[in-house]
Amino acid sequence: MQNVKRLWGVIILMAVCILVLASLLITHTMNQSESSHPADPEQQGEQNNEQVVAKIGSREITRQELQTALEQHYGAELLGQLLDREVIRLEGNETGTAIADAEIARELKRMQQGYESEEQFYTSMQNQLGLSRQEIKEDVTNKLLLEKLATSHIQITDAQVESYVQGHPDEFKQETEYNIQQIIVSTKDQANKVIAALAKGESFEILARDRSLDDATNNSGGDLGWIEGDDPFVAAPVLEAAKLLKAGEVSKPVPLTQGFAVVKLKNKRDKENPDQAFIRENVRRELALQEAPPLKDYISQLRTKWKVAVIAPEFK
């Protein structure tokens, strides 16, 4: 079960708010400038506001013009975001609810699915959305805290979790690993002779040592070890032949690009998933969110509880 789309919605919204954060940075810079020249703060403020930040031909754009435009277009939206984050923080402090580093790490790992590496994920977020690692982490922390608060009164049983997992096998299917041996020969006739020798009780390991053309495995009895069903370093026909065998069985001659293979399936097993506990906890969280009121309504309740009031009419 995934809620990645919801998270991406938040991330994209945060990307829009980057422009507004620039506005706050401008204001902060102006305040710093004023505090460093207390002798004439009004004059200093006017100079900052009139500072030219860009030119188009003879047209000059001042810092004040930029700040006004940012506030007009994004001020109400960012103020709402800041208020929401603050009431979530206050509620978390009051209830003693917190998000552990391990929870944040797991959520970030889940977001990185589909990317070749963690570094590629962060680079993509920076290039496409302008979000730094710290900004993404803060966003994830706020999201997880909101969800934990909104679902704190909802209990999802182990039976409910297991029922969902059993009802959605495609989402939770385990990968299978195969322990394969192979003997590679030049012709189909040679492959048939290997199969005949095996039928008479000769050792697969000895035949692989004496007849296999695969220098990488012949000295180890043709053993490929435990491999996944889509291993790119093993010939696809060998893998497909192994999947049709029962443990201990030997295949018919398997055509390869060059030569033929005789494949033996020593054993197979379901690949252990070290994240099974987390997967089930994620299912529990998602089921709880389905029973909880919409997060937007919950935030509205928090705003009422913490007596949020927007004073400036242009930001309402």
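Ile183 stands opposite Val262 in strand β6. The structure is a predicted model, in which local features need pLDDT of at least 70 and side-chain atom pairs count only at pLDDT 80 or more, while totals for chains, interfaces and linings use all residues. Residues are numbered from 1 along each chain as its sequence is written, and side-chain values use heavy atoms, with hydrogens and water left out.

Helices (H or I, at least four residues) and strands (E, at least two) are DSSP runs, numbered from the N terminus. Two strands pair if DSSP finds at least two bridges between them. Strand β3 (residues 176-185) runs antiparallel to strand β6 (residues 260-270), and ten bridges join the two. Strand β6 also pairs in the antiparallel sense with strand β5 (residues 254-255), over two bridges. Val254 has Ala261 in β6 as its bridge partner. Four residues lie between the strands in the hairpin of β5 and β6, where Gly259 takes a positive phi near 95 degrees.

Together, four strands make up an open sheet with antiparallel pairing, in the order β4-β3-β6-β5. Its edge strands, β4 (223-228) and β5, each pair on one side only. Helix α9 (residues 188-199) packs on the sheet and touches β3 and β6, where contact means heavy atoms within 4.5 Å. The direction of α9 makes about 50 degrees with that of β6; axes are lines fitted to C-alpha atoms, for helices over the stretch in contact, and angles run from 0 to 180 degrees between N-to-C directions.

A nonpolar core is a set of buried Ala, Val, Leu, Ile, Met, Phe, Trp, Tyr and Cys residues joined through side-chain atoms within 4.5 Å. Buried means under 20% relative accessible area, exposed over 50%, and partly exposed in between (1.4 Å probe, protein chains only). The largest nonpolar core has 21 residues, of which Ile88, Leu108, Met111, Phe121, Ile136, Val140 and Tyr298 touch the most other members. Two or more residues come from each of α3 (63-95), α4 (101-111), α5 (118-129), α6 (133-150) and α13 (295-305). Helix α6 gives the most to this core, with seven residues. Beyond its neighbours within four places in sequence, Ile88 is in contact with Asn142, Leu145, Leu146, Leu149, Ile299 and Leu302. Another core, of 14 residues, lies apart from the largest one and includes Val234, Ala242, Leu245 and Val263.

Rings of Phe, Tyr and Trp (its six-membered ring) pair if their centres lie within 6.5 Å; planes under 30 degrees apart count as stacked, over 60 as edge-to-face and the rest as tilted. The count by this rule is two aromatic pairs. The ring centres of Tyr115 and Phe121 are 5.3 Å apart and the planes stand at 80 degrees, so this pair is edge-to-face. Phe121 and Tyr122 are likewise edge-to-face, because their ring centres are 5.1 Å apart and their planes are at 70 degrees. Tyr115, Phe121 and Tyr122 form one aromatic cluster. Tyr115 is partly exposed at 26% relative accessibility, whereas Phe121 is buried at 0% and Tyr122 is buried at 10%.
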